[in-house]
Amino acid sequence: MSNRSIYASAALMAAAALFAVGCSFTTTKSSSDSVDSDLSGRASQTWRSPDVSDAWKHLADDMARRGLNERKLEQFFKSSSLVYTSGPMETKLRELYGIFYRSELTKEIQEKLYQLGYDITIDGRAGSGTRGVVTRFQADNGLTQTGDISDATLASINKVMKTAKTRSLSSYSPPSAKKPSRTATYPQFTKAGVLPTILAHYRADRELFNAMSRKYNVPGEVAAAIMWVETGYGNYFGKHLAASQLASMAAAAYDFDVVAPAVSDLVRSDGGAKTWLKDTAVKRGGWAADELAALLSYSFQNGHDPTSFPGSIYGAIGYGQFMPSNVLKYGVDGSGDGKVDMFNKADAIYSIGNYLKAHGWTGGGMSEEARRAVIMKYNKSGVYVNTVLYVADWLAANK
Ligand SMILES: [Ca+2]
């Protein structure tokens with residue numbers, strides 16, 4: 001880039017702004033500035049705010065390489081609203097660690113304990129049942145009874161397995177799986193006391209919903225139900241700043257050190273976890289960089305200030321909580337002012353209709369299974385789908 005240095009300095013200014021306001025690391029820690037270099041993660045450990053200037057600079061260069069308007073990019077990275085936070089990447093890493101990294105270890109321990117003859121469920125979940133069996137195994141073999149799901153436990157199991165008599169894994173039969181509920185909903189959106197609120201919104205905006213429905217062949221009640229569940233029909237758009245969330249998450253892809261202190265406890269007793277966390281941060285940070293680029297494109301195309309959007313922890317915005325990449329793909333102008341604005345009701349309603357149509361909504365006469373499958377594309381959660389369809393059907397019956 002001919003003017004990379006501009007972005008470098010803009011990024012450094014943004015980093016300086018970060019230190020001026022102080023980031024989340026410093027607010028809950030004591031005044032000591034000792035750096036936790038070995039990531040041992042003791043509760044009393046303190047650390048300096050991570051230096052994000054390098055990661056920020058890489059991110060600015062990345063955005064510039066994508067061909068985004070350079071003057072506007074510079075403005076964005078200079079904005080004092082743009083603030084680094086470890087929050088979104090830390091939350092994502094902790095979530096994935098529990099599901100994947102730790103789960104693999106748990107499953108291996110469960111499988112091997114089964115082979116050693118223990119009565120255990122193999123499901124990759126480190127619950128009290130599994131820890132109880134681990135404790136029994138430790139007692140049976142004269143080991144300290146910790147019940148830990150750890151590399152050390154796995155090592156001790158492996159050692160015992162070398163000489164013990166084992167049974168084959170193929171003899172294991174899992175407990176029969178429960179069918180997911182078709183009736184469970186989020187009660188805060190479906191209880192009798194709150195449904196009149198969404199009905200009032202629906203009635204007030206009925207013209208918009210009817211117009212959207214004529215265009216996309218998607219019932220207005222379904223769009224209204226989605227807006228109800230996502231944001232309470234615009235009552236809460238999220239307590240974060242979408243741009244800061246995405247930029248911060250993306251920054252960790254360039255430099256793991258900016259998020260490392262926040263997850264130091266996961267690394268404490270397990271060296272392998274650091275590599276896994278780092279790799280995961282790169283992958284998820286890359287995703288966030290793509291979403292940030294989409295947020296910036298959307299902003300620049302439609303004349304919005306990219307640092308003005310409230311959003312969810314992972315940067316979803318507007319009435320329907322679209323991720324920015326979906327805003328670019330499915331966002332439409334329903335108000336007729338020539339701009340797409342996910343915080344404009346008409347635009348949001350049309351965009352949801354457009355999204356549902358693009359994901360297979362085919363108008364009246366759809367089967368329950370087909371309706372469920374489309375809403376599942378909006379949010380992959382059975383209870384979410386139950387809730388949206390319950391509210392939509394209730395609106396249709398009471399409108
Ligand atoms: Ca518009």
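Modeller: Let's open with a definition: a helix is a DSSP run of H or I covering at least four residues, and helices are numbered from the N terminus. With that in hand, asparagine 386 sits in helix α18. Keep in mind that the model is predicted.

Biologist: Fine. How many helices and strands does the secondary structure of the protein come to?

Modeller: There are 18 helices and two strands. As for burial, 39% of the 399 residues count as buried. And if you take the contacts in the protein with a separation of 6 or more, 71% of them join residues 24 or more positions apart.

Biologist: Back to asparagine 386, then. Is asparagine 386 buried or exposed?

Modeller: You count neighbours: 20 or more other C-beta atoms within 10 Å make a residue buried. Asparagine 386 is buried because it has 20 other C-beta atoms within 10 Å.

Biologist: And which residues does asparagine 386 touch, leaving out those up to four places away in sequence?

Modeller: With those sequence neighbours left out, asparagine 386 touches Arg182, Thr183, Ala184 and Thr185. Take alanine 184: it is 202 residues from asparagine 386 along the chain, yet their C-alpha atoms are separated by 6.6 Å.

Biologist: What is the C-alpha separation of tryptophan 276 and tyrosine 97?

Modeller: That pair is 8.6 Å apart in space, C-alpha to C-alpha, and 179 residues apart in sequence. Tryptophan 276 belongs to helix α14 (residues 271-302). It has 19 C-beta neighbours inside 10 Å, so tryptophan 276 counts as partly exposed. Another pair is glutamate 108 and isoleucine 122, which lie 14 residues apart along the chain with 8.7 Å between their C-alpha atoms. Glutamate 108 is in helix α5 (residues 87-115), and its 16 other C-beta atoms within 10 Å make it partly exposed.

Biologist: Now helix packing. At what angle do the axes of α9 and α18 cross?

Modeller: Helix α9 (residues 195-204) and helix α18 (residues 382-398) cross at roughly 65 degrees, and their axes come within 10 Å. The crossing of α9 with α18 is right-handed. On the α9 side you'll find Leu195, Ile198, Leu199 and Tyr202, which meet Val391, Trp394, Leu395 and Asn398 of α18. By type, that contact of α9 with α18 divides into seven nonpolar residues, one polar and no charged.

Biologist: Let me try α10 and α16. At what angle do they pack, and how far apart are their axes?

Modeller: The angle between α10 and α16 is about 30 degrees, with 10 Å between the axes. Angles under 35 degrees count as roughly parallel, so α10 is roughly parallel to α16. This crossing of α10 and α16 is right-handed. The contact takes in Leu208, Phe209, Met212, Lys215 and Tyr216 from α10, and Lys345, Ala346, Ile349, Tyr350, Gly353, Asn354 and Lys357 from α16. Sort the residues of the contact of α10 with α16 and you get seven nonpolar, two polar and three charged.

Biologist: Why does the end-to-end distance of α16 agree with what its 14 residues should span?

Modeller: Count 1.5 Å a residue: the 14 residues of helix α16 (residues 345-358) should span 20 Å, and the end C-alpha atoms are 20 Å apart, so the two agree.

Biologist: Which residues of α16 are buried, and what covers them?

Modeller: Asp347, Ala348, Ile349, Tyr350, Ser351, Ile352, Gly353, Tyr355 and Leu356 are the buried ones. Their cover includes α10 (206-216), α11 (220-231), α15 (324-330) and α17 (368-378). Just past α16 comes glycine 360, with a positive phi of about 110 degrees.

Biologist: On phi, where is asparagine 217 found, and what is its phi?

Modeller: Asparagine 217 lies in the loop between α10 and α11. Its phi is positive, about 60 degrees, although it is not a glycine. Asparagine 217 is partly exposed because it has 14 other C-beta atoms within 10 Å.

Biologist: And is tyrosine 233 buried or exposed?

Modeller: Tyrosine 233 counts as buried, since it has 22 C-beta neighbours inside 10 Å. Look for tyrosine 233 in the loop between α11 and β1 (240-241). Tyrosine 233 is not a glycine either, and has a positive phi of about 55 degrees.

Key
Residues are numbered from 1 along each chain as its sequence is written. This is a predicted model: local features need pLDDT of at least 70, side-chain atom pairs count only at pLDDT 80 or more; totals for chains, interfaces and linings use all residues. The expected span of a helix is 1.5 Å times one less than its number of residues. A residue is buried if 20 or more other C-beta atoms lie within 10 Å of its own, exposed if 12 or fewer, and partly exposed in between; C-beta atoms are placed from the backbone. Two residues are in contact if their C-beta atoms, placed from the backbone, lie within 7 Å. Axes are lines fitted to C-alpha atoms, for helices over the stretch in contact, and angles run from 0 to 180 degrees between N-to-C directions. Angles under 35 degrees count as roughly parallel, over 145 as roughly antiparallel, 65 to 115 as roughly perpendicular and the rest as oblique. A crossing is left-handed if the near helix is turned anticlockwise from the far one by less than a right angle, and right-handed if clockwise. Ala, Val, Leu, Ile, Met, Phe, Trp, Tyr, Cys and Pro count as nonpolar, Asp, Glu, Lys and Arg as charged, and the others, Gly among them, as polar.
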